[in-house]
Amino acid sequence: MKKPSIKTTTAVLAVGLFSATSYANTCQTLVWSDEFNGTTLDLNNWEVQTGDGCAEGICGWGNNELQSYQSDNLTVANGTLTITAKKQRVQANSYTSGRIRTAGMPASGEWTNGRFEARIKLPDAAGMWPAFWMLPTNPDVGWPMSGEIDIMESTGQASMFAHGTIHYGEAWPNNSFTGAHVLSQPQKWSDNFHVYAVEWEPNEIRWYVDGMLYSTKTPSDLANPSWWTYENYQYHILLNMAVGGSWGGTVDDSALPATMEVDYVRVYNLGEAAIDGPNIVAPNSTHTFTVVGAQGTNSSYTWSAPAGATISGSGESVNIDFAGATSGEVSVTVTNASCGTDVASFNVFVEPELAVETVLDDFDGNSAVTYTYFDGNFDVSGGVLNYTRNSATQWDVIAASTSAISNAAPLLVGDKAFAMDLFNTDAALVGKQILVQLENSATATSSNYPVGRHSKYEAFIDHANGRQTLRFRLADRIDGDTGDTNVDTLVILIDPNTFNGDLYTIDNFVILGGSTQPPAEATSVYVSSVTTGTQSAGKGQKFGTAAVTVLDDLGQPYANASVTGSFNGTWDETQTVSTDVNGVANFVTSTSQGGGVTVNFCVSDVTAALTFDTSASTGLCQ
């Protein structure tokens with residue numbers, strides 16, 4: 001595997017790719033790394049943890065996990081550590097996998113503060129729970145009072161999401177956590193290697209994927225800031241892939257063995273340049289992108305954006321207009337005299353422009369749903385839904401049955417999307433969340449969440465200046481057991497997890513799908529083939545035949561073109577024939593001949609509403 005060199009400089013990593021170029025960020029120092037360049041795991045760097053956690057007093061490793069960790073599930077080859085989950089019984093466990101840590105090891109160990117990163121390819125198999133994380137070594141208090149830093153977690157059935165989390169607070173079951181996740185579309189994070197990192201400074205932890213900052217946490221984000229105890233301890237690194245468990249979900253045995261691949265793990269004293277900005281943008285939208293974390297002073301900045309995008313401004317922060325842009329990389333090069341050059345980049349997905357495909361409810365009598373339940377006041381009048389949220393209900397629900405979602409798969413990757421119009425003049429509603437959740441009524445009940453819940457999609461109220469169209473984006477792939485074709489229930493959650501009694505005016509709840517771009521128009525026609533043959537005329541006689549196929553420059557058959565051509569050889573005659581719906585003009589000689597015959601045919605002209613392109617035509621004479 002081609003891989004970037006170890007950095008006393010900064011290697012630049014983009015989504016799914018990496019650059020072999022080393023950039024001279026001289027202010028950043030490599031503290032420790034494992035490049036996995038050998039043929040066996042370096043046991044001076046890593047302790048291999050085995051078993052099901054019972055020996056540590058946490059059977060199921062504290063999460064009801066199904067695997068027994070085994071050293072045989074850890075392999076090093078071709079510059080990569082591979083952790084493999086298998087369907088393999090060890091004592092009471094039906095699965096095996098691998099787990100390693102740096103705690104107390106002579107060539108690695110523990111750290112407080114710094115940048116911690118790994119380049120990882122996640123598994124794409126339901127029931128897998130890969131993690132790159134940190135725990136304190138020998139703390140004087142138990143978990144989670146001593147803290148936990150999850151640099152990256154994901155699940156196989158939802159590998160389009162990567163999560164970063166911290167755990168803290170009081171003893172279980174009163175423990176607390178907070179974090180964020182980042183969505184990748186249309187590909188999943190599991191489709192390629194990506195760099196997952198945290199930069200940890202006193203009283204601040206930041207999470208990154210590739211060159212993008214997606215979450216920051218400080219003591220003020222905790223209900224009790226005194227729970228921030230991270231600087232009290234030195235933390236070691238763990239890599240593992242759990243099977244099943246409280247978050248991993250139901251295991252798809254047919255997808256095993258499954259692998260988590262790790263290209264390298266690195267620790268630096270300081271952070272590096274990254275970009276604060278979205279990795280998924282709506283079509284024709286404008287967003288701000290800002291450099292964060294760059295070392296040095298008096299920097300200059302050079303920005304680039306995807307094809308078709310327009311950059312406004314220069315310096316540490318710019319606006320990028322994605323009108324007419326394709327998906328591609330946003331990149332910035334940061335240069336200064338004190339620390340040299342640093343580069344940050346990541347791919348931005350520009351969502352497709354979509355037209356209304358299905359009207360779920362326009363509240364004017366056109367509906368593809370049947371409402372079965374709602375908590376608030378459901379008032380349809382004047383062609384809109386005036387919905388007053390039930391202030392006594394923490395999770396206000398509108399539920400409806402529907403047959404309009406025969407396959408939810410396009411919604412997961414952004415090929416389709418939910419949208420609704422919302423009329424708002426109340427500034428207090430700006431930023432409020434609305435969720436659309438898809439369920440299978442055969443398995444979902446009011447008390448068995450997450451069972452039967454396929455996925456959920458979120459939108460946020462943008463402004464208080466009247467009508468706006470909310471386009472929903474995937475927020476979670478919830479239950480991998482609920483298939484894409486098993487959705488028959490749609491649930492709308494208004495401002496979930498609150499007790500507000502606000503009024504929401506909703507219209508035109510739809511599914512978007514298909515491009516709004518006008519279809520391409522053909523400008524010319526050409527002959528794609530000429531074939532010759534014979535047709536029996538009886539009593540040993542034969543007619544000569546020729547079939548001429550005409551296509552437009554979009555590759556579609558062209559009907560009603562007048563094709564003129566001549567037979568030669570045994571016959572010598574010229575005819576003009578029109579093409580049929582398949583774009584074929586069929587020629588037959590007017591006379592028949594006996595014995596051996598020679599059939600040659602040449603096209604001399606094609607007359608159509610479009611230009612005849614002779615240069616694109618092939619085999620005009622056969």
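Aspartate 124 is found in the loop between strand S10 (114-121) and strand S11 (128-136); strands here are DSSP runs of E, at least two residues, numbered from the N terminus. The model is predicted, so to speak of local features takes pLDDT of at least 70, and side-chain atom pairs count only at pLDDT 80 or more, while totals for chains, interfaces and linings use all residues. Residues are numbered from 1 along each chain as its sequence is written, and side-chain values use heavy atoms, with hydrogens and water left out.

Not counting residues up to four places away in sequence, aspartate 124 touches Gly156, Ser159, Lys188 and Ser190, where contact means heavy atoms within 4.5 Å.

Now the rings. The structure holds 19 aromatic pairs. Rings of Phe, Tyr and Trp (its six-membered ring) pair if their centres lie within 6.5 Å; planes under 30 degrees apart count as stacked, over 60 as edge-to-face and the rest as tilted. Why is the pair of tryptophan 200 and tyrosine 235 edge-to-face? Because the planes stand at 80 degrees, with the ring centres 5.1 Å apart. Tryptophan 200 lies in strand S15 (residues 194-201) and tyrosine 235 in strand S18 (residues 235-243), so the pair ties together parts 35 residues apart in sequence. Both residues, tryptophan 200 and tyrosine 235, are buried. Ring pairs also link them into a cluster whose members include Trp32, Phe36 and Trp46.

How values were computed:
Helices (H or I, at least four residues) and strands (E, at least two) are DSSP runs, numbered from the N terminus. Buried means under 20% relative accessible area, exposed over 50%, partly exposed in between (1.4 Å probe, protein chains only).
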